[in-house]
Amino acid sequence: MTTTEQTPAPAIDMDTLMAFVGTFVGDLGATMGAGNVLLGERLGLYRALAQQPGDARSLAEATGTDPRYVEEWLRGQAAGGYVEHDAATGTYAMTPEKAFALTDPSGPVFLPGAFELALGALKALPEIEHAFRTGAGYGWHEHDEDVFTGCERFFRPGYLMHLLPEWIPALDGVAARLERGARVADLGCGHGASTVLMAEAFPHSTFVGSDYHRGSIESARQRAEDAGVAARVRFDVAGAQELAEHDLDLVTTFDCLHDMGDPLGAARHVRGSLAPDGTWMIVEPAAGDSVADNLNPVGRVFYGFSTFLCVPNAVSQPGGYALGAQAGEAAIRQVVTDAGFTRFRKVAQTPFNHVYEARP
């Protein structure tokens with residue numbers, strides 16, 4: 001008779017275990033908090049509270065909502081640190097800083113858009129589970145509409161804060177060329193936030209924005225009309241390698257090169273579309289070159305989004321690449337130099353983005 005020896009179970013350190021449980025509790029609260037932030041934004045609760053502190057009943061009256069629901073929402077918001085609670089009076093308020101970040105979708109810092117993007121991405125959980133099991137892709141265009149609107153509202157504040165005052169001036173000679181009148185292509189433009197911002201700032205230049213997602217392009221065209229720049233901005237339904245323009249002074253890619261199934265092919269096409277002295281501005285998520293470099297809160301956010309959005313989209317396309325949102329400078333440099341560009345440098349960075357300049 002034989003016996004099978006059992007490997008002893010590892011000893012559990014209760015302090016270590018409870019510390020991890022504490023991390024889990026924080027994550028669980030944040031997961032449910034995402035929906036509550038969107039409720040606060042969509043129902044006008046943050047805006048009303050920022051204008052007039054009060055209790056659940058006064059806030060419900062100001063927003064046309066039910067006071068019992070509002071009471072529970074306020075308690076959770078206070079527990080999460082999004083609003084302030086005065087225990088003596090039973091009232092709630094917002095600091096100027098939190099109101100600034102939560103109530104102005106046109107401002108340079110607006111946080112609810114990130115939660116809209118996240119919740120939209122999570123709606124694809126069954127499809128992403130299937131992709132894990134099969135290795136199949138899941139295209140950007142297949143996601144919920146909240147992904148497209150949330151993406152614009154997530155990234156636009158950063159572009160509003162940095163694109164015109166910092167990123168374009170960091171490119172060698174580009175700002176002056178745009179002032180005089182340049183030909184620009186914005187690839188993977190989504191709803192056109194970056195394209196329209198540049199067109200508004202440089203009235204002597206012309207712009208072509210492109211994205212393979214038709215719904216986003218239709219929204220971009222409306223954005224251009226609303227901004228009064230449609231006469232100088234054209235939006236095409238096209239992938240990065242379908243751009244027909246040549247002798248361009250500037251090509252831009254905002255947070256999209258890593259999403260492509262064939263970034264090398266796109267980079268080669270960009271090089272062929274540029275004038276001899278043209279510039280490619282590449283804006284990518286902030287990342288180091290190694291996994292260890294990215295084991296931080298920002299890296300966690302981008303790895304999470306990349307698992308649901310970036311890698312599945314790249315896998316869904318021909319090309320064989322799946323760089324992911326944390327590719328890092330070395331990987332981007334490799335793609336750019338393999339495409340034949342001779343000059344590459346990082347010109348700017350923020351906590352969420354790195355900006356590179358590539359020249360033929």
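**Group meeting: salt bridges and a nonpolar patch**

Okay, let's start with R234, which is partly exposed, with a relative accessible area of 38%. Keep in mind that this is a predicted model. So who does R234 pair with? Its salt-bridge partner is D236, and the closest N and O atoms sit 3.0 Å apart. D236 is partly exposed too, with a relative accessible area of 24%; the cut-off for calling a residue buried is under 20%.

While we're on charges: how many salt bridges does the structure hold? The count is 22.

Here's another one, E72 with R75, where the closest N and O atoms are 3.4 Å apart. What separates those two along the chain? They're both in helix α4, residues 67-80, and because they're 3 residues apart there, about one helical turn lies between them. On accessibility, E72 comes out at 44%, which counts as partly exposed, and R75 is partly exposed with a relative accessible area of 44%.

Now a pair that joins two elements. K346 and E329 meet through their side chains in a salt bridge, at 4.0 Å from N to O. K346 belongs to strand β8, residues 343-349, and E329 to helix α14, residues 329-338, so this contact ties together parts that are 17 residues apart in sequence. K346 has 31% relative accessibility, so we call that partly exposed.

And then there's a network. If you want to click through it, E41, R42, E116, K123, D144, D146 and R153 are linked by salt bridges.

Okay, from charged to greasy. Which residues make the nonpolar surface patch? It's I12, M14, L17, M18, V21, F24, V25, L28 and M32, covering about 860 Å². Take F24 from that list: you'll find it in helix α1, residues 14-42. F24 has a relative accessible area of 47%, so it goes down as partly exposed.

Next, the annotation. An unreviewed UniProt entry has "domain: Methyltransferase" over residues 179-286. Across residues 179-286 we get 33% helix and 32% strand, with the end C-alpha atoms 29 Å apart.

Last stop, V291. Where is it? In the loop between β7, residues 274-285, and α13, residues 297-315. Buried or exposed, this V291? Exposed: its relative accessible area is 56%, and the exposed class means over 50%. If you need a distance to check your viewer with, V291 and H162 are 27 Å apart in space, C-alpha to C-alpha, and 129 residues apart in sequence.

That's my tour, thanks.

Technical notes: Residues numbered from 1 in each chain as written. Predicted model: local features only at pLDDT ≥ 70, side-chain atom pairs only at ≥ 80, totals over all residues. Heavy atoms only, no water. UniProt positions renumbered as here; feature names shortened; annotations may be inferred. Helix = DSSP H or I, 4+ residues; strand = E, 2+ residues; numbered from the N terminus. Buried < 20%, exposed > 50% of the residue type's maximum accessible area, 1.4 Å probe, protein only. Patch = residues over 30% accessible without salt bridge, like charges linked within 9 Å, V, L, I, M, F, W, Y side chains within 5 Å. Areas by Shrake-Rupley, 256 points an atom, 1.4 Å probe, with all protein chains shown as cover.
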